[in-house]
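Here are some notes on aromatic contacts and one annotated site. Please read them alongside the structure.

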Amino acid sequence: MLKYYTQDLTRSVKRDFLREDAAREERAFEKKRDTAALKIQSFIKGVCARKRFRSYIVKEFDSLVLKPQNENAKIPGIQLYHSTTRLLLIWDKKQDKERIEKLCSLLVDSLQEEKAQLSYIGVALNREHSIYWIAHIKKLLWICCQYLEDVSPELSADARSLLMYLRTLIAFTSTSTWAILKTPAMEKLKPGMNKLCANIIGDLVTKGFLATLKRVLIKGLCGAKASLKQISLSALFTLALRPLVLAEFSDKLLSMFLINIFSVPALLLHLSSTSPECLNQLVTNEVFKRSMILLSTEQNLRIVFNTLEGNYALCLLANLIHMAHLEKDYSLKELYFPTFVCVVSRLLECCQKYVGNKKSEVTHWHPVLGWFAQGLDSQLHSSMPLVRRQLSYLWAAPLVSILLSDLNQTVEETGVPDPVVAAAASSSGQNNLNAMLKKVLERPGKTSNIKYVKLGSPECTRVAMMASLYQTALSTLTQLKLDILTGLCYQNGILHLLWQFLWTLGPTCGLKSFLSLLDVDSHGTCPEFQMLTLFCDCMNHYITILDDIEMYEQQKPFRMGDYVLMSNFLNQFAYKAVLTGLFDPKSLNSNSLFNAVHTLLLRLYQRDCRRQFTPDGHWLLKDIRISTFTSDLEKGKKANQIILQKMPHIIPQDERVQIFRRNVANEKSSLGIADSSCHHSSSSTLITIHRSRIVEDGYRQLAALPAQSLKGVVRVRFVNEQGLLEAGIDQDGVFKEFLEETIKRVFDPSLNLFRTTADERLYPSPTSSLQDNHLQLFEFVGRMLGKAMYEGIIVDVPFASFFLSQLLGSQHQAYYSSIDELPSLDDDLYRSLTYIKHHVGDVSELDLNFSIDQDFLGKLETFELVPGGKATPVTNENKINYVHLMAHFRMHTQIREQTTAFIKGFRSIINLEWLSLFSTPEVQRLISGDNAPLDLKDLRRNTQYYGGFHDSHKVIGWLWDVLENDFSELEKRSFLKFVTSCSKPPLLGFTHLEPPFSIRCVEVGDDEDTGDTIGSVIRGFFTIRKKDPQHRLPTSSTCFNLLKLPNYQRKSTLREKLRYAITSNTGFELS
């Protein structure tokens, strides 16, 4: 029982507790509800009271200001002040816009009144209201600034509002329009009123007045079309300049002016076209001079740049450069060095920190800076063409002439003689001139009477700093690089003056001084190296667009001798700097100095390879001991490897060919490829070729063969016309025959895989697509040519120079120029494009555009050189671009697929690094043999004899004597072609002819010839005649490099028959 009683008691207590808790919550809720009701009532009462209060004030203001006014009725200033003060208490930006505009109109009009009662300025003269009036007018003007930010200048209604706000701000920040101060009694108050204006505008500046003006200017000037009218732009600029003038150009205000006003994109360009009187204000107040002095302090420049960062800092730089252009005849002449140079250089360097080398997640495309670490809004983007125009003043003639004006003076003062002029004075003709220049290079001469400029001297530093400015511009303004280079190359001979200045640095352009400096500054970043880098970059660009007429015939301003001396300096500087380790090998490819020197060096070398202008042996350096160099190379010395890779031309060609052959041999060894004499090795490949289907069978069996297998031994078994297997001789000749026949057929223009130029040089046919699987065929042909080069088999296939350049990959190098290579394809087109380039009149009269029409199987097809090319006329401004694009299209674009396929096949056999050892003409010689005269002694030393012949045999003696003394050079080459199928000897001599040249004595007809027998050998050795062979002709088997020579009894018979055979090809056979 007790248990149940306890449970009932507990439940009762819980119920009582819950009831009390619920009662408490209800009381608390009631209290909250009452409180909320009171707050709501209070809020509503407040809203209603404020509404009534606003309604009362607005009604009063409207009755005074907005009601139609009698022309003769003027509102007293004090009455307008009281009404306006009350309006500002309840001012709402959206609802009171019209009232403020009307008020501004009345206030500005009141300033025309001379009576204090009617002028709004009169309120300020009242002691009771003066202090409050000042705060009142500051608030009112700031309200005008807030409305300024919301206007859209392109809308006519907003344009009127904008003008009204600007009029108000101008009127109350200057006493010039205050009629009340023009009365005699009030003139003494003018200084005090001027201070009041300064106080008012100072307050506006503190609140962000200049930033407001910047936003209005950007909105009105940076759209697709500038929408600010002349009067509005003038007013805005006047307001922007006013705080600066009143503060007497303090550093703080000048910095704010630069940050907010001079950073408006293309501001000065708009002012010059719309409000030129504003530019006069800048000149009068020496804003450019003051700005340069301010920014010449590193701390001030950092403050300005860090506030603006990249995009608007670039706009500031553009406006400063434009201002320098305007001041070119005034303050720039005293400020250009070092102030202007240092300021512009530092601003460019600061912008460069945001410039990236490639696209990434944190970069954005910028039309001036390239890949940039900041985004670009639409307003800035639309202004960039104008900003580019402003920046271009930096490399335009007026500024370049001023900035580099010291060059000419320095060159004249040194008295260093021009070596080219000196050499020309004591020579006659180009050959003699080259000889004299060679002496100048070998013996620079006595320098005791010559005052050379030293690196680090004030004269050199001055020029170097100027050059450093432009070099920084090149590396920062990446999308304007061509414009900058063109500007510097063609402005008042500046580039030639810079070259002359380099000669004043000492013998061979101060080579020793530069090397000594490089020992201290391995990255090449000091101003002196910036000067050298700039010269190389500009010269490289100059030579790119220089045609043969300008370079070889006109020779203005650079003469042939200049290029000779220039290439000598670059050659020695690059070699010695790399060999002695002055350049860091790890960062060599990113070193701007090395890249500039190396690119120009190779540009000159490639030009010389195409059309020689240097003395013989000019590119070879006497300092190199080939045996030592080769030894160090084999030991893996890094400097030697770099030299071989970057500038192989300083090593004799024969040595490079040996390196090439050694590379091939090493690869064969590393791949485990058996020697070609091991025909039955497991690594060899056997193919069966039908005589009537040589190309088809070869393609079918070798096209899919892995490159490694093709590099190995390929054995060929021929099937004759009757379908029977032919017996081969145990030499490499059968494969050589197959290779020669394949190459001969695929390069036949009638097959339409390749075409020939006017001088019978081969290049891929643009219409090769008519052939089935033409790209696969090109790849196969490339593999076959690569195999021939790999095995050292020379084939008589003359390629067009431009195609060989693509085989080498030269078109991807910085030193490549399409127009230079064009004559090797189409000399007529080259002359036509040269005519367009040199056309004196208006090129647009020729009615050309950026497109080309071509006939393809009777159908005219149009190709555009640039997007929209048909609608883009060729003008004097873009004709250089047109010339290069046209050349590029003919040599690259229209045969890109064919060339790519051929190169893919060729490089699957031949390593591109091996080919980089050679120039374009040298690669042709590597393919087809040497152009040197035929060395019969070398051929005789490397000849093998069969059938009883030997070197002392009477007939053999006659043969060599006839070749040496009776045959012309042309006949000697015909003989070589007769026995080897190629008229040129191998590059390294006949030691490397594969298979070796051999001569076999034949006694019977070729159809009865069974080779060497004991009888034939004995008869041949003892000169025993079987029968008189006087009616037989010599024959050959070019696949084996074999001459089949009858055992003639008279020397005259041998001479007659041999001459007849090689000139008419009678008896010529390939079986």
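Which Phe residues form one aromatic cluster? The points below start there. The model is predicted, so local features need pLDDT of at least 70 and side-chain atom pairs count only at pLDDT 80 or more, while totals for chains, interfaces and linings use all residues. Residues are numbered from 1 along each chain as its sequence is written, and side-chain values use heavy atoms, with hydrogens and water left out.

1. The cluster consists of Phe514, Phe529, Phe569, Phe573, Phe583 and Phe594. Over the whole structure, the search finds 38 aromatic pairs (rings of Phe, Tyr and Trp, the last by its six-membered ring, with centres within 6.5 Å; planes under 30 degrees apart are stacked, over 60 edge-to-face, the rest tilted).

2. Phe863 and Phe889 make a tilted pair, at 5.5 Å centre to centre and 40 degrees between the planes. Phe863 belongs to strand S8 (residues 859-864) and Phe889 to helix H39 (residues 879-891), so the pair ties together parts 26 residues apart in sequence. Helices (H or I, at least four residues) and strands (E, at least two) are DSSP runs, numbered from the N terminus.

3. Phe863 is partly exposed at 30% relative accessibility, whereas Phe889 is buried at 6% (buried: under 20% relative accessible area; exposed: over 50%; partly exposed: in between; 1.4 Å probe, protein chains only).

4. Lys214 lies over the face of Tyr312, 4.4 Å from the ring centre. The charged end of Arg691 sits over the ring of Phe718, at 3.9 Å from its centre (criterion: NZ of Lys or CZ of Arg within 6 Å of the ring centre and within 35 degrees of the ring normal).

5. Cys1039 carries the UniProt annotation "active site", from an unreviewed entry; such annotations may be inferred rather than shown by experiment. Cys1039 is in the loop between strand S11 (1035-1037) and strand S12 (1042-1046), and is buried, with a relative accessible area of 0%.
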